[in-house]
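Please open the structure in your viewer and keep the selection panel at hand. The stops below say what to select next and what is to be found there.

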Protein chains: 2
Amino acid sequence: MDDVAQAAGVSRGTVSRALNGGRNVSGSAQSAIDKAIRRTGYVINPHARSLATRRSMSVAFVLSEPQDRLFEDPNFHQLLHRCTQALADNDITVLLTLAGTPEERKRVSRFVTAGHVDGVLLVSAHTGNVLVDELSAQDVPVVACGRPLGHEHDISYVAADDRDGARQMVNYLRTRGYRRIGMITGPQDTSGGVDRLAGYRDVLGDVPPSFVVSGDYTQASGDAAMTRLLEQAPDIDAVFVASDLTAAGALAALRRAGRRVPEDVAVAGFDDSRIAAACHPPLTTIRQPWGRISTEMARLLLRLIDGEENSAVILPTELVIRESA
Amino acid sequence: MDDVAQAAGVSRGTVSRALNGGRNVSGSAQSAIDKAIRRTGYVINPHARSLATRRSMSVAFVLSEPQDRLFEDPNFHQLLHRCTQALADNDITVLLTLAGTPEERKRVSRFVTAGHVDGVLLVSAHTGNVLVDELSAQDVPVVACGRPLGHEHDISYVAADDRDGARQMVNYLRTRGYRRIGMITGPQDTSGGVDRLAGYRDVLGDVPPSFVVSGDYTQASGDAAMTRLLEQAPDIDAVFVASDLTAAGALAALRRAGRRVPEDVAVAGFDDSRIAAACHPPLTTIRQPWGRISTEMARLLLRLIDGEENSAVILPTELVIRESA
DNA sequence: CTGAAAGCGCTTACAG
DNA sequence: CTGAAAGCGCTTACAG
């Protein structure tokens, strides 16, 4: 930077100002500096800058799920890319860190605590994740994707309205004339699992216990749950499944059982993930607004970094009608 | 750090020494400092440290492939995790950065140039990747995974011996009595694509042009290529496919054509990726030593960071015999 | 083994 | 609009 200052015939202070938006820099100084930068090939030292500003200009995108299942989900890519883009507009780099194992979680926690990043975008569905506890205990800005069960008040988050999405779907099924509507739930230690079941009950009230079987978002669990559902409640005419992937498993079980979809049993999913349209028949499902979720997460994080208080954003979902229901 | 020094009754210099391995620190000073650190909850400021040491203690793991196909590959996860682990042992954090789009590549290039990281682990199969050119032009330590076509001499790399792997497989096929062995290649702008074809030719010499059809590592290309191969060379008795995923596509085409595997046509893959064992029949294939590749990449990068010259490591592959050939 | 001091490369009131 | 100067929080010869 001294070289640049010398080459441009100004002081380091002026070079710094020119570099940071050009406030209080004359046109002639600015252009001399620009030229000098180009000539010298100068690039700013981020560590020195961070030391002076107490900002790293980067945030961690922490993926804290044991299974790397999310990587197969195009929605996840959209989330990552959009967050990256939105933050890049504010000159903030997004660092992707995997924290699937306890060891990795410890590393990530230390990394964040050490002050390497200005904030954290946290993707972690399940409760009982130590990392969530640790991050919320520190004073690092954190924005979670999805409602962080047990930390609704000490961590900011952006989530789709799972409960209302479930209500929309079940109402739709009722509109279509289905009356004996079962459900395959998601894991009850995730907000999606809890809220989608709650939405189902909101509409249907007390259903026979045999109508509700639990799943864990996997395809295999959908297959097993559907099989059980057909035993427990053979006269069911529709099933609302807490995720598309699980619904795909349910479809397989129905096919094996010789039930037609949607003629014998209608199947409704949730997520509108890539698999939804690829199923046979294509799944009627609930779309989550990933684009908006991403930009809201970025916006919230920027605000937290600027010192604002925690807050939450709930975004509406959309019914996508295909052929399965 | 001043607080720690004061609390421990020593100077900052001594605290710093205690923090960095404890060379030239008396036992009593060390323990007083340890206690003070615990009491004050002191954590070192990485930016100040980096400014002083000119080391960021982190490296970027750059995934520069357009398709995020790699994420579905368990081999890739192993690569990432093992590299992370090996470098963590040296107190170096691995930052995962996706550089699939031109825009992202530009961002990553700037990030690296700015000096945010001490080095780069580069996963990028195809030639013509601007990022590879840019990184090799700078003086950043870079270790590529796989031979970087066109940059064999200006970028360090660790690769499996694709050519020899192909030779092993084709020799094995000959041992099993197959005589009319076709090949479905990988893309010729990747070292795997080029080298596996070369290995095939090493063993077989001049084969009829109709025996070789090109693929691009995808499943769909395997299906199409196999179909073409059956037209061009219907009397083929085996086919060596440049990747397992492509081989899965070839299996589908053979099934449609009513050819039994391996009775009518033997099929051999490459990679030993997860799909290999899941195929029907399970694929005979070539296993790449991902564990060693990872640790070698980490080792090479550490050496580069320490100022050593570029070098390359070629690791042996292993024949895995299953049922398809 | 230890402390005083210089230095890493920036930013930012402050005075002009 | 600009420069001189202090400060960000570490590390590391150097002298003792």
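## Where the two chains meet

Begin by selecting chains A and B together in this predicted model, and look at the place where 24 residues of chain B are in contact with 25 residues of chain A.

Next, superpose chain B on chain A, which takes a rotation of 180 degrees with 0.1 Å of shift along its axis and leaves an RMSD of 0.1 Å. The two copies are thus related as by a two-fold rotation axis.

## Chain A on its own

Now hide everything but chain A, where you can trace 13 helices and 12 strands. Along its principal axes the C-alpha trace of chain A spans about 85 × 35 × 30 Å, and the radius of gyration of this chain is 25 Å, whereas a compact globule of 325 residues would have one near 20 Å.

To see how chain A is divided, colour residues 2–44 as domain 1, residues 58–159 together with 290–315 as domain 2, and residues 162–287 as domain 3. Taken over C-alpha atoms, the centres of domain 1 and domain 2 of chain A are separated by 36 Å.

With chain A still selected, consider its interior: buried residues make up 48% of its 325 residues. Among the contacts in chain A between residues at least 6 apart in sequence, 70% join residues that are at least 24 apart.

## Around DNA strand C

Finally, bring back chain B and show DNA strand C, which is surrounded by 25 residues, the closest being Met1(A), Gly13(A), Ser16(A), Ala52(A) and Gly13(B). Coloured by class, the residues of the surface near DNA strand C divide into 11 nonpolar, 10 polar and 4 charged.

Terms used:
Residues numbered from 1 in each chain as written. Chains lettered and ligands numbered in written order. Predicted model: local features only at pLDDT ≥ 70, side-chain atom pairs only at ≥ 80, totals over all residues. Least-squares fit on C-alpha atoms with pLDDT ≥ 70 in both. Near = placed C-beta within 6 Å. Nonpolar A, V, L, I, M, F, W, Y, C, P; charged D, E, K, R; others polar. Helix = DSSP H or I, 4+ residues; strand = E, 2+ residues; numbered from the N terminus. Rg over C-alpha atoms; globule rule 2.2 N^0.38 Å. Buried ≥ 20, exposed ≤ 12 C-beta atoms within 10 Å, placed from the backbone. Contact = placed C-beta atoms within 7 Å. Domains from an automatic or database assignment.
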